[in-house]
Amino acid sequence: MKQFDIIALGELNVDLILNNIEGFPEVGKEKFAKQMTLTLGSSTAIFAANAAAIGAKVAFCGMIGNDSFGDLVESSLQAKGVDTRFLIRQDKHATGATICMSYDEDRANLTYQGAMDYMGLEDINPDVFKEAKHIHISSIFMQSGVKRDLKKILELCKANGVTTSLDSQWDPTEQWDLDLKEILPLVTVFMPNETELKFLTRKATLEEALEAIRPYVNAAVIKCGSKGSILMRKGQPDRKQEALLNKNVVDCIGAGDSFNSGFITRLAAGDALDRCQEYGNMTGAVNTTAAGGTTAFTSREDVERVGRERFGWR
Ligand SMILES: Nc1ncnc2c1ncn2[C@@H]1O[C@H](COP(=O)(O)OP(=O)(O)O)[C@@H](O)[C@H]1O
Ligand SMILES: [Mg+2]
């Protein structure tokens with residue numbers, strides 16, 4: 001028996017969010033931000049927290065420093081019900097941080113990757129591969145160690161009967177250097193958004209991008225924002241699903257991560273891929289009803305109730 005339904009692997013940092021900023025940052029000047037929040041950051045942590053909230057048994061394997069940001073990361077994950085036994089605390093590298101400067105709908109982010117950039121396969125406790133039903137990796141371009149060892153990590157998952165998901169997320173270097181031909185056959189479900197898929201495949205249209213990955217995928221779900229998502233499965237027609245459209249979006253922070261958390265929680269529970277897509281569609285929509293990436297995720301009951309009452313989800 002595996003101890004965890006899902007182990008989230010890699011990207012982990014804190015967010016220092018500045019709001020109500022008077023003007024834009026300028027070199028040589030000092031300005032005021034009128035509001036500040038220091039909180040658990042990273043797309044992978046939002047994913048882990050929300051999967052735990054809707055009932056999955058989740059652990060996190062990531063690298064942090066022996067510092068106060070590391071303490072904040074660890075205690076925040078625990079408060080969200082995420083097991084922290086596989087966190088790697090070390091003295092060489094500080095815990096990463098993102099400074100998020102919010103301007104209305106948009107944000108300017110500056111990230112110091114810190115410890116998460118250094119974690120590689122050699123740092124990971126081998127029990128991670130024995131105790132997980134499923135391993136989720138996100139933001140591959142934020143972590144050069146995991147990216148370097150990705151093929152080996154995925155092969156180890158396969159050898160241990162662990163299913164896997166990969167969400168590329170944005171590439172801050174905009175090189176989009178990922179060998180899809182080599183990596184995708186090793187991934188159970190590939191989960192980029194539409195824009196990322198076009199950059200990864202170097203194609204201008206979504207249709208061309210889908211055909212570019214088709215020969216290599218086992219399954220993929222492409223997130224298309226308020227348009228919904230497309231599920232691709234080997235040997236089956238693609239399944240398009242409209243979003244459960246929220247016309248009063250509070251914000252879309254973490255919508256993709258929340259979609260992933262619903263999809264993967266159901267996958268680890270043994271549901272078929274089309275049902276996973278429907279559930280992810282619901283959790284993605286529910287995410288947009290509250291501020292930030294985790295606020296709407298209090299319990300499975302609450303999330304499903306909002307899904308039913310606001311979006312007619314069944
Ligand atoms: N306005 C919206 N109403 C309902 N659901 C939404 C809305 N925007 C996004 N979603 C859901 O969230 C999912 C992920 O959003 P998307 O923006 O594509 O991902 P990412 O956050 O990774 O860029 C979508 O596939 C959809 O299911
Ligand atoms: Mg995303």
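**Figure 1. Helix H2 and its two sides.** The face of H2 that is turned away from the buried side of the helix carries Ser-68 and Ala-79, which are exposed, where exposed means over 50% relative accessible area, buried means under 20%, and partly exposed lies in between (1.4 Å probe, protein chains only). The buried residues of this helix are Gly-70, Val-73, Glu-74, Ser-76 and Leu-77. Seen down the axis of H2, these buried residues fall within an arc of 165 degrees, so they line one face of the helix; the arc is that of the directions from the helix axis to the C-beta atoms. H2 covers residues 68-79, twelve residues, and reaches 16 Å from its first C-alpha to its last, which is close to the 16 Å expected at 1.5 Å a residue, the expected span being 1.5 Å times one less than the number of residues. Helices (H or I, at least four residues) and strands (E, at least two) are DSSP runs, numbered from the N terminus.

**A note on all views.** This is a predicted model, in which local features need pLDDT of at least 70 and side-chain atom pairs count only at pLDDT 80 or more, while totals for chains, interfaces and linings use all residues. Residues are numbered from 1 along each chain as its sequence is written, chains are lettered from A and ligands numbered from 1 in the order in which they are written, and side-chain values use heavy atoms, with hydrogens and water left out.

**Figure 2. Phe-69 of helix H2 and Thr-39.** Phe-69 has its place in helix H2 and is partly exposed, with a relative accessible area of 29%. Although Phe-69 and Thr-39 are 30 residues apart in sequence, their C-alpha atoms are 9.3 Å apart in space.

**Figure 3. Helix H5 and its buried face.** In helix H5, which runs over residues 150-159, the buried residues are Leu-150, Ile-153, Leu-154 and Cys-157. Seen down the axis of H5, they fall within an arc of 95 degrees, so they line one face of the helix. On the other side of H5, Lys-152 and Ala-159 are exposed.

Figure 4. Asn-13 lies in strand E2, residues 13-21, and counts as buried at 2% relative accessibility. The side chain of Asn-13 reaches the backbone nitrogen of Ser-42 at 3.2 Å, and it also makes a polar contact of 2.9 Å with the side chain of Thr-98. A polar contact is a pair of N or O atoms within 3.5 Å; within protein, one must be able to donate a hydrogen and the other to accept it, and residues adjacent in sequence count only if both atoms are side-chain atoms. Ser-42 itself is found in the loop between strand E3 (33-41) and helix H1 (43-53), where it is buried, with a relative accessible area of 9%.

**Figure 5. Two residues with positive phi, Ser-42 and Trp-176.** Most residues other than glycine have a negative phi. The phi of Ser-42, however, is near 85 degrees, a positive value in a residue other than glycine. Trp-176 likewise has a positive phi, near 55 degrees. The place of Trp-176 is the loop between strand E10 (163-167) and helix H6 (180-183), and this residue is buried, with a relative accessible area of 3%.

**Figure 6. Gln-143 in a loop.** Gln-143 is placed in the loop between strand E9 (132-138) and helix H4 (144-148), and at 0% relative accessibility it counts as buried. The side chain of Gln-143 reaches the backbone oxygen of Ser-139 at 3.4 Å.

**Figure 7. The surroundings of ligand 1.** Ligand 1 is surrounded by 18 residues, of which the closest are Asn-193, Gly-225, Gly-228, Asn-246 and Gly-256; a residue is near a molecule if one of its heavy atoms lies within 4 Å of it. An oxygen atom of ligand 1 is 2.6 Å from a polar backbone atom of Gly-225, and a nitrogen atom of the ligand lies 2.9 Å from a backbone N or O atom of Asn-246. Taken alone, ligand 1 exposes 550 Å², and the protein buries 87% of that, with accessible areas coming from the Shrake-Rupley method with a 1.4 Å probe and, for residues, only the protein chains shown counting as cover. The elements that give two or more residues to the shell around ligand 1 are helix H9 (255-268) and helix H10 (273-287).
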